[in-house]
Amino acid sequence: MKLTAGGRRLAVAALVQSLGIGLFMASSMAYFTRQVDLSANQVASGLALAGVVALGISLLGGVLADRYGARRVLASVYLGRGVCCVAYVFVTDFWQFMVVTLCAVACDRAGPPVLQALVAVAVPERQERTRLLAVVNVVRNCGLGAGAMAAGVALVSDTQAAYRITLVTIGLAFLGGAVLVLRVPGPAAPTAEAAPAESGERPVKGRVLPDGRYLALTGLNFLLFFFDTMLLVAMPVWVLEHTDAPRVTVSVLFTLNTLLVVVLQIPVSKLATGQRRTTRMLTWTGAVLAVSSLCFAASGSVAGVLAVAWLVTAVVLLSLAEVIANSAVWDLSIALAPEEQRGRYLSVFNLSVAGQRVLGPVMVTSLLLSAGPLGWVVAAGVLVVAGGAAERVARAAGERMRAKVPVDA
């Protein structure tokens with residue numbers, strides 16, 4: 001895929017900041033527990049609390065993007081994350097950790113919808129912007145892996161100086177991402193006076209929430225995004241506690257998912273062409289996730305090689321559902337949002353992703369895993385229904401929007 005100059009800068013910015021995230025994810029727990037003397041429970045509870053609080057704060061990113069332009073806001077988000085990483089060097093107790101973490105997580109949650117809003121501005125053609133987001137996703141996955149491996153230097157040294165150098169390096173990575181984002185070409189930020197006149201609509205502040213169909217699609221995406229919780233929470237616990245598979249299977253399955261997403265995301269994104277085909281991908285997401293769930297259930301009733309085979313099949317299908325879902329929702333969440341309120345709509349839609357990451361683990365442990373194989377069967381039924389409903393809602397929203405402006409434009 002040939003990218004525009006703006007697209008290349010966004011892809012490089014994603015690579016640079018994902019390297020920083022990979023470094024942080026792999027080394028931060030060791031730094032906080034071994035150098036700052038926080039307990040693992042303090043770190044975990046601090047991250048969880050910050051994630052909940054940041055859900056509301058992150059909506060400001062979309063509001064600011066509509067008012068001041070997505071490019072400036074995304075650069076500010078990257079810069080904010082970089083400042084937070086450097087600030088961790090000076091953290092000495094739990095409450096300082098909480099303040100910095102809340103700011104860092106708020107920036108993290110605000111970033112994805114603002115990035116989508118910027119892509120929509122930098123790449124007006126609908127199919128090309130979906131492919132660009134696919135490239136960004138692949139690059140991000142590669143950067144996370146490379147950053148995690150690079151963090152081994154600090155982990156092996158296990159000194160305060162090594163960890164602090166790592167944190168400063170992460171801050172610089174985010175600064176580099178901010179500079180690249182500022183170089184992405186785009187129209188000037190809309191002014192408060194000009195926006196209503198240009199769009200023919202009332203001012204952005206006139207509508208607090210997106211319309212009902214968009215909110216319904218957001219809620220259904222909360223269910224379809226269950227693939228993330230299935231992989232990160234349900235899969236390892238299920239393998240270790242409910243199957244006869246070797247423990248190393250968990251690592252193999254994580255690696256398999258990463259490789260499949262990197263290989264499949266860009267080709268699958270090419271299928272998101274036209275409103276009808278793209279909405280149909282939501283039904284396919286629910287169906288493929290449902291079959292994956294049934295494969296997980298089957299792995300708990302067999303032993304040895306058969307258990308591993310069912311698990312591998314489940315993760316292959318889960319990975320396929322992930323790339324299908326990504327391609328569909330990247331396209332639809334942008335296309336179904338009014339241009340003058342795009343940042344706000346995308347921020348609300350992103351709550352389905354952030355909410356799944358906060359509530360998903362609770363749903364998995366208290367409902368799915370506690371019920372054994374039956375939990376997977378029930379999940380399969382819910383996912384099939386969610387996929388079909390999401391297609392109908394998205395199609396209805398597209399028809400309504402097409403009556404105003406061509407949604408495929």
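**View 1. Leu 294 in helix H13 of the predicted model.** Leu 294 belongs to helix H13, which spans residues 275–299; helices are DSSP runs of H or I with at least four residues, numbered from the N terminus. This is a predicted model in which local features need pLDDT of at least 70 and side-chain atom pairs count only at pLDDT 80 or more, whereas totals for chains, interfaces and linings use all residues. Residues are numbered from 1 along each chain as its sequence is written, and side-chain values use heavy atoms, with hydrogens and water left out. With a relative accessible area of 41%, Leu 294 is partly exposed (buried means under 20% relative accessible area, exposed over 50%, and partly exposed in between, with a 1.4 Å probe and protein chains only). Leaving aside residues up to four places away in sequence, Leu 294 touches Val 377 and Ala 380, a contact being heavy atoms within 4.5 Å. Between Leu 294 and Asp 37 the C-alpha to C-alpha separation is 43 Å, and the two are 257 residues apart in sequence.

**View 2. Salt bridges of Glu 391.** The structure holds 8 salt bridges, each defined as a side-chain nitrogen of Lys or Arg within 4 Å of a carboxyl oxygen of Asp or Glu. Glu 391 pairs with Arg 280, the closest N and O atoms being 2.9 Å apart. This pair links distant parts of the chain, with Glu 391 in helix H16 (residues 373–402) and Arg 280 in helix H13, 111 residues apart. Glu 391 is buried at 9% relative accessibility, while Arg 280 is partly exposed at 38%. Glu 391 also meets Arg 395 in a salt bridge (2.8 Å, N to O). Arg 395 and Glu 391 are 4 residues apart in helix H16, so about one helical turn separates them; both are buried.

**View 3. The salt bridge between Arg 34 and Asp 158.** The closest N and O atoms of Arg 34 and Asp 158 are 2.6 Å apart. Arg 34 lies in helix H1 (residues 5–34) and Asp 158 in the loop between helix H7 (152–157) and H8, so the pair ties together parts that are 124 residues apart in sequence. Arg 34 is exposed, at 52% relative accessible area, and Asp 158 is partly exposed, at 24%.

**View 4. The largest nonpolar core and the contacts of Val 181.** This core has 59 residues, and those with the most contacts inside it are Leu 10, Val 181, Leu 217, Leu 282 and Leu 336. A nonpolar core is a set of buried Ala, Val, Leu, Ile, Met, Phe, Trp, Tyr and Cys residues joined through side-chain atoms within 4.5 Å. Helix H5 (residues 94–122) gives the most to this core, with 8 residues. Not counting residues up to four places away in sequence, Val 181 touches Leu 10, Ala 13, Arg 71, Leu 74, Ala 75, Tyr 78 and Leu 118. A second, separate core of 32 residues includes Phe 227, Val 233, Leu 289 and Ala 314.

**View 5. Cys 107 and Cys 84.** A search of the whole structure finds 0 disulfides, a disulfide being a pair of cysteine sulfur atoms within 2.5 Å. For Cys 107, the nearest cysteine sulfur is that of Cys 84, 5.3 Å away. Cys 107 is buried, with a relative accessible area of 17%.

Note on methods. Helices (H or I, at least four residues) and strands (E, at least two) are DSSP runs, numbered from the N terminus.
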